[in-house]
Amino acid sequence: MKRILLPAGGAVLASGLLAAGLAGTAQAAPTSATDPLANNTAAAQSVAQYWSASNNAALKSATAYYHDASATGWKSGGGYSPDGKPGAVLPTGEEKVVPTKVKNINLPKNIGKVFWTDKQGKNRWASGASIQSKYRNLVVTAAHNVYDTAGVGDADVLKNWVFVPGYYQGKTPYGIYVGKTAWTHYDFDVYEDYDRDYAFVTVYNGVFYGGDKVVTAAEYDKFVGPKYVDVKEVSAEEGAAGLSKYGPEGPYYKEDTVATNVETVNPPQKFFSWESVKPYLSKDGKDGVKLLTVEVSSYDYEKAPHHTPKFDNGEKAYADKDSISQETYKQLLAEKAAGKFLGELTAKKDKNGTEIEWYKTQYFIKKWVKSTTATTTKWFVKSFHIELSKDAGRLGDNVGGQGFAWNQKTGQPVFIFGYPEGPHPDGDKPYTGITPKWVYGKTSGKVYVSAAQKIEEHIGVKGALTPGADGGPWVLKYNNNKRLGYVNGVTSQFGDQDGNGRYDLITSAYFDGETADIYKKAANVWSGKIVGPNGELYK
């Protein structure tokens, strides 16, 4: 059992690695850590609305989280030593589970996808499962599916975290379960120690959204829950009639759009101030001269004269530097290569050479132009929609919960479930991520070590699941008829042992007595519900 030790003076060392002669007495850090995901009803409402709005649009837009996008190189060593006697907690409603060896596997209905929003604002998903608990409200997954591990130091919990059991292409057959509190090992929470890559998340009662209803604007304003306004264009005749019938506060309205066609005035016209500009009119009286700020390349900007009070044609206006996301940075790189982006792009790297910040700089000069304008009027009508809510009940009551086991001997067969979606490193993509898959094998008697991941004692199973299955349960003594067993690990990493560029190893943190301690704490905490008796979200 590896632990992070806190020696006198504040240095952090791995258990067994303390330097000889170190002054002071090393003390073990706490075992468990908790962090709120949606720690009150209002926050939970916001998360539920985010995913369910517009017929689960956000769920449908989510993509798999490729936490381990390349095959990890592994070394193996001696076997893992349990830190106590083996233990187990029975699955929901079961007194005894008999292992069954079969080829045709009935998938458990308590596995599903966990969803969240990353720092770039993208919706992501990975795998998880319902697990037995006192209040039937507990989900088990990988800790890296709960924390954003991209930063340095303490990791932040991921935003908009939910669990959807049985998820399939936008459908939520058992409801959406908003995460309330994440329970993890202290060493992962603080030090991102992947030998503790597991998390237990308490969730609120599930939420069903039972359909769309069109209401009045007043009813829309009073409703607490998922809602949206739909706008469509109508004819001028219908718009005028609607405006006359319902008045200016009604759903019908018009918008006037001014279109401007711009061309450079040649020769340039110079004026001392904007007020002194005299119209440069054509016969129809619609053309005029205007001073605009025009984007140019950095080369043209540097050649331009400095700004003066005369606002002369071609003078420098300003250079604007903005922070952007990595996704925008890559998009603009492609546009710049195609000649569609005039600005400059830069990336800031950390001490390891990894890009951590991205910027764009755009350059502008003053330019006199001749413009032609035209006004277009369009009519629109708004409709107000609310999405009715229903309490789905407790997670474990709806889909059951797997049992839990710890300090188990290695070499036992397990079923590994999850939603693999990522390609092998060679580009082959055997899975879609739409439906859950499984791998059957025996856990290795050796532990797996990966310096790149700071892993010293993972257990492994030979298998070819791919990213997307992260966080999926390893189920010991699985009963194919009852679809229940004991969770004895969760998928953490994927590896390539033979070096052929294809995943052939799945690893998990070893579940020991400290894992059991964290599980038992999480399994005895109540969450509550977020939907009221009339289908409204609680205020």
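So, is Phe404 buried or exposed? Phe404 is buried, with a relative accessible area of 0%. Keep in mind that we're looking at a predicted model here.

Okay, the core. The largest nonpolar core has 24 residues, and Phe404 is listed with Ile131 and Phe200 as having the most contacts inside it. At least two core residues each come from β9, β10, β23, β24, β28, β29 and α8. The largest share is from α8, which gives 4 residues.

Let's look at Ile131. Skipping its neighbours within four places in sequence, Ile131 is in contact with a list of residues including Leu138, Val140, Phe200, Phe404, Val487 and Tyr519.

Now the rings. Searching the whole structure turns up 25 aromatic pairs. Take Tyr65 and Trp116: the ring centres are 5.2 Å apart and the planes sit at 85°, so that's edge-to-face. Tyr65 is in the loop between β5 and β6, Trp116 is in strand β8, and they're 51 residues apart. Trp116 counts as buried, at 1% relative accessibility.

Phe200 and Phe404 make another pair: centres 5.7 Å apart, planes at 85°, so edge-to-face again.

Last up, charges over rings. Lys113 lies over the face of Trp125, 3.6 Å from the ring centre. And the charged end of Lys316 sits over the Tyr301 ring, at 5.1 Å from its centre.

How values were computed
Residues are numbered from 1 along each chain as its sequence is written. This is a predicted model: local features need pLDDT of at least 70, side-chain atom pairs count only at pLDDT 80 or more; totals for chains, interfaces and linings use all residues. Side-chain values use heavy atoms; hydrogens and water are left out. A nonpolar core is a set of buried Ala, Val, Leu, Ile, Met, Phe, Trp, Tyr and Cys residues joined through side-chain atoms within 4.5 Å. Buried means under 20% relative accessible area, exposed over 50%, partly exposed in between (1.4 Å probe, protein chains only). Contact means heavy atoms within 4.5 Å. Rings of Phe, Tyr and Trp (its six-membered ring) pair if their centres lie within 6.5 Å; planes under 30 degrees apart count as stacked, over 60 as edge-to-face and the rest as tilted. A charge sits over a ring if NZ of Lys or CZ of Arg is within 6 Å of the ring centre and within 35 degrees of the ring normal.
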